[in-house]
Amino acid sequence: DENIKIDLSENESTNNEQEVKIENKQLYSQLNKEAKIIYEKLYQNKNNLKTGTYTINFGTGFNYLFTQNDEDTAYDILTTSYQAAIEAFIYENPDVFYLDPNKMYLNIETTTSRNGNTYNVYINTGEQNNYFTDDFSSKEQVDTASQKIEKVKNNIIANKTGNTYDDIKMVHDYLVNNVEYDTSISQSNIYDIYGALVNNVAVCEGYARAFKYIMDEMNIPCVLVIGQGKNSQGQTENHAWNYVELNNKWYAIDVTWDDPVVTGGGIASKESRYKYFLKGSNTFLQDHVPSGQFTPNGKVFEYPDISKGDL
């Protein structure tokens, strides 16, 4: 993993440079210079973001863009970089489950003087009251939710063996045994780790985020993959799953589809519980098509190449 040096702003605990390690940075590493700066600032301010109203301030740090380019081009570079950064940040850090990126706004304020224009850049709530998801409205709620998640996470990690295969299987099995798929698509937090780990109800994105969250905590390289899956009825639907690294090879895991909803009730067979566990491209990609594009017109991210064969 790469160490990133960032400058802490004055409202942080120190004015000295501090090294921040960004774990499992597959998406981060694909960002351009400006997007990396934005991602890093968001990353260092994770605790401040829990207020739901904290302003991420870049000051005049992007002025160079406006001196090197015409104003329209500079605006385009900044807004495109911001979009890529916020997507990478949200999908690579499942612990910011309380943030709604659609309520976060990049602002570029222009000040004109005899010496020319300066540009002050910051991220805030815009016209919104906060940038929380609809499931949260205060820092206290977020802190309480974070503590509950932490408790579940610690209980899971207490079973860690240090054998990577066994630990991947243990987390996979925990989620399959404890999370219920929300067929109604109506319950709260079903797309995030709080829904999966605390409420024990989620949809595919919640399963995949929870799996990545625990893998990250165990320092097992893992990415959240979005794309489309062809279900057992032959219908194509938007879907999310994971790739995980084991013995220097990447494999696919679809925890959601290893926890099938059994028609008429009952328990899924052992065979069906591992149908999508540590699979290679030859089998897995028959009914999964990764996209890498989180929003229409957004950056297309690349995922690690998975092994051809199953483990």
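**Exercise 1.** What percentage of the 311 residues of the protein count as buried?

*Solution.* Begin with the basis: this is a predicted model, in which local features need pLDDT of at least 70 and side-chain atom pairs count only at pLDDT 80 or more, while totals for chains, interfaces and linings use all residues. Residues are numbered from 1 along each chain as its sequence is written, and side-chain values use heavy atoms, with hydrogens and water left out. Next apply the criterion, buried being under 20% relative accessible area with a 1.4 Å probe and protein chains only; on that basis 51% of the 311 residues count as buried.

**Exercise 2.** Describe the largest nonpolar core, and follow the contacts of Phe-211.

*Solution.* A nonpolar core is a set of buried Ala, Val, Leu, Ile, Met, Phe, Trp, Tyr and Cys residues joined through side-chain atoms within 4.5 Å. The largest one has 90 residues, and Ile-168, Leu-197 and Phe-211 have the most contacts inside it. Helix α4 (residues 71-92), a helix being a DSSP run of H or I with at least four residues, gives the most to this core, with 10 residues. Finally, with contact meaning heavy atoms within 4.5 Å, and residues up to four places away in sequence not counted, Phe-211 touches residues including Ile-168, His-172, Cys-222, Asn-242 and Val-255.

**Exercise 3.** Determine which helix gives the most to the lining of the largest pocket.

*Solution.* First, α4 and α8 (204-217) each supply at least two residues of this lining. Of these helices, α4 gives the most to the lining, with six residues.

Notes. Buried < 20%, exposed > 50% of the residue type's maximum accessible area, 1.4 Å probe, protein only.
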